[in-house]
Amino acid sequence: METFQIIAVILIFIVSATAMFFRKIPALIALPLMAFFIPLVSGVDLNSTLQLVIGQGALKLHNAYTIALFGSMLSVFLQKTGVANNLIKYGAELAGDSPWGISLLMLILITLLFTTLGGLGAIIMVATIVLPILSAIGLSPLTVAGIFLIGLSMGGILNVGNWAVYIDVMNLTVDQIRPFALLMFLSTFLMAIIYITVQLYRDGQHFPLKKIIRNSLLIIALIGAGFAIYGAIPPAQQQQLGTFTAHLLSILRWASASFLVVAFLLSLQFAFFKKKDNEHKIFWTAYLSPLLPLLLILIFEMNFIAAFICGLIFCYFATYRKGHLNTFVGAMLEGGGVVMPAVILMLGIGMLLNAIMGPGGAYSGAWPVLRLLQPFMAALVPSNGPFYVLLFGLAAPLALYRGPLNVWGMGYGLAAVFLASGMNPGAVMGLLMAVGQVQGISDPTNTHNVWLANEMQVDVQKILWNTLPYTWAVAFIGLIISAIMFY
């Protein structure tokens with residue numbers, strides 16, 4: 001009986017994923033259907049499927065889509081007030097004759113930010129600043145989305161917060177994780193340079209190829225040298241450096257707070273003198289509006305929704321003119337409408353998460369889907385390096401659509417099965433981090449992919465088609481590195 005159930009689950013996954021991949025059925029329909037049928041064929045009764053998977057699953061990502069609503073409101077308000085258009089114009093002037101250089105600079109900026117940031121709220125805040133600049137230099141919406149997603153994933157590789165599961169669950173040390181993470185980062189960065197170069201060529205941009213190759217090699221060498229120098233510093237000096245950095249951040253926090261208070265007071269003064277003026281003049285502090293939520297969360301650790309609300313209020317006063325309240329209310333209503341396709345898709349993603357991982361404490365006993373699939377996956381534990389690379393390299397697309405290698409599907413549960421079966425913990429970490437690039441960049445069921453596709457007005461499946469060859473190649477490279485280090 002269990003064999004037929006496993007076959008049924010695999011068929012449902014393959015048919016649904018293929019239908020979405022080839023755009024035969026939209027994801028907002030396919031995901032709830034997967035979430036409904038997978039638990040049923042796994043042995044979950046109809047009432048539990050409807051109540052715990054469909055009903056509770058629709059609310060699972062409530063925080064993500066609430067943040068997306070407020071982020072969209074700020075985005076639309078920036079457009080209606082002319083702030084976004086002016087940023088795009090200044091971005092185009094900044095680019096000059098070097099769209100490749102600006103693209104690489106934005107990629108590095110995104111990467112640096114997401115070595116500490118995380119979550120959809122932070123993604124929306126950073127995107128509000130970066131997307132207009134990348135669009136202004138003549139990049140297609142698909143290329144803009146790809147660059148942003150790659151930078152986001154690269155930052156995640158070096159985000160020590162993401163290492164916690166490897167330390168706590170797999171009993172690995174930072175010294176064991178760091179070398180692989182750095183090699184994985186450099187591999188992904190090389191892929192990113194190739195992606196930017198190819199995409200700019202496809203977008204009709206002209207650039208000196210020899211100069212790009214020389215600069216790329218120089219940048220990679222500098223990054224590698226920087227990591228090597230830091231790694232050579234004794235632990236005591238690293239601790240002193242950390243203390244010095246903490247003092248600098250404290251000074252930066254107070255300086256930023258003082259500057260923002262002054263900027264807000266100047267905005268209030270501007271609004272007071274403009275209350276009878278209908279001229280569409282934008283005060284200079286308005287250009288801080290997209291940056292304000294990012295500063296509040298990054299420096300002051302403010303709640304994401306509160307940060308967006310502060311950004312809306314700040315922008316309201318900095319762009320004030322007669323009849324401005326109507327513009328403000330219209331932006332909030334339009335912002336909700338613009339992001340609604342992404343919200344509906346997030347409802348389906350939440351249902352699928354509950355279908356695969358279970359509803360938690362709401363269901364007594366082990367969740368049937370996990371109980372059914374874990375023994376089957378345990379039989380696939382590789383015994384040598386070449387088989388490890390071949391098996392998980394070919395299976396890397398199973399990280400898509402909340403498949404078995406997706407860390408937000410049953411990936412961590414599967415990792416536990418591999419560990420219990422005697423697989424080297426370092427190899428499990430290498431598997432999750434390498435295959436995670438396919439999931440983090442290409443997966444159409446990521447909330448950030450959904451939001452970004454909606455913001456750039458491109459089909460989320462097109463992002464998958466566009467990035468998968470690159471992420472799949474990086475997954476293979478990461479698995480090879482992992483096999484060399486841990487087998």
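## Report on an all-residue predicted model

At 18% relative accessibility, phenylalanine 283 falls in the buried class, because that class takes in residues under 20% relative accessible area. The model described here is predicted. Tryptophan 284 pairs with phenylalanine 283 in a tilted aromatic arrangement, with 5.9 Å from centre to centre and 50° between the planes. Tryptophan 284 itself is partly exposed, its relative accessible area being 43%.

### Overall description

The chain contains 21 helices and 0 strands. It has 487 residues, of which 51% count as buried. Its accessible surface comes to about 21600 Å², and carbon and sulfur atoms contribute 69% of that area. Among contacts in the chain with a separation of 6 or more, 78% are made by residues 24 or more positions apart.

Confidence should be kept in view when the details are read. The mean pLDDT of the chain is 82, and 89% of the residues score at least 70. Helix α18 (residues 407-420) has the lowest confidence, with a mean of 63, whereas helix α21 (residues 460-486) has the highest, at 93.

### Aromatic pairs

The whole structure holds 14 aromatic pairs. Two of them are set out below.

| Pair | Geometry | Centre to centre | Angle between planes |
|---|---|---|---|
| Phenylalanine 283 and tryptophan 284 | tilted | 5.9 Å | 50° |
| Tyrosine 316 and phenylalanine 328 | edge-to-face | 5.3 Å | 70° |

### Salt bridge

The structure holds 1 salt bridge. Its partners are glutamate 334 and lysine 80, whose closest N and O atoms are 3.1 Å apart. This pair, too, links distant parts of the chain, since glutamate 334 is in helix α15 and lysine 80 in helix α4 (residues 62-80), 254 residues apart. Glutamate 334 counts as partly exposed, at 38% relative accessibility. Lysine 80 is likewise partly exposed, at 38%.

### Nonpolar surface patch

A nonpolar patch on the surface is formed by Leu28, Ile29, Leu33, Phe37, Met340 and Ile344, with about 490 Å² of accessible area together. The elements that supply two or more residues to this patch are α2 (27-42) and α15 (324-357). Helix α2 gives the most, with 4 residues. Phenylalanine 37, one of the patch residues, is located in helix α2. Its relative accessible area is 40%, so it is partly exposed.

### A backbone feature

Glutamine 457 has a positive phi of about 60°, although it is not a glycine. This residue sits in the loop between α20 (447-456) and α21. With 64% relative accessibility, glutamine 457 counts as exposed, because the exposed class begins over 50%.

Conventions. Residues are numbered from 1 along each chain as its sequence is written. This is a predicted model: local features need pLDDT of at least 70, side-chain atom pairs count only at pLDDT 80 or more; totals for chains, interfaces and linings use all residues. Side-chain values use heavy atoms; hydrogens and water are left out. Buried means under 20% relative accessible area, exposed over 50%, partly exposed in between (1.4 Å probe, protein chains only). Contact means heavy atoms within 4.5 Å. Accessible areas come from the Shrake-Rupley method with a 1.4 Å probe; for residues, only the protein chains shown count as cover. pLDDT is the predictor's confidence in each residue, from 0 to 100. Patches are made of residues with over 30% relative accessible area and no salt bridge: like charges are joined within 9 Å, nonpolar side chains (Val, Leu, Ile, Met, Phe, Trp, Tyr) within 5 Å. A salt bridge is a side-chain nitrogen of Lys or Arg within 4 Å of a carboxyl oxygen of Asp or Glu. Rings of Phe, Tyr and Trp (its six-membered ring) pair if their centres lie within 6.5 Å; planes under 30 degrees apart count as stacked, over 60 as edge-to-face and the rest as tilted.
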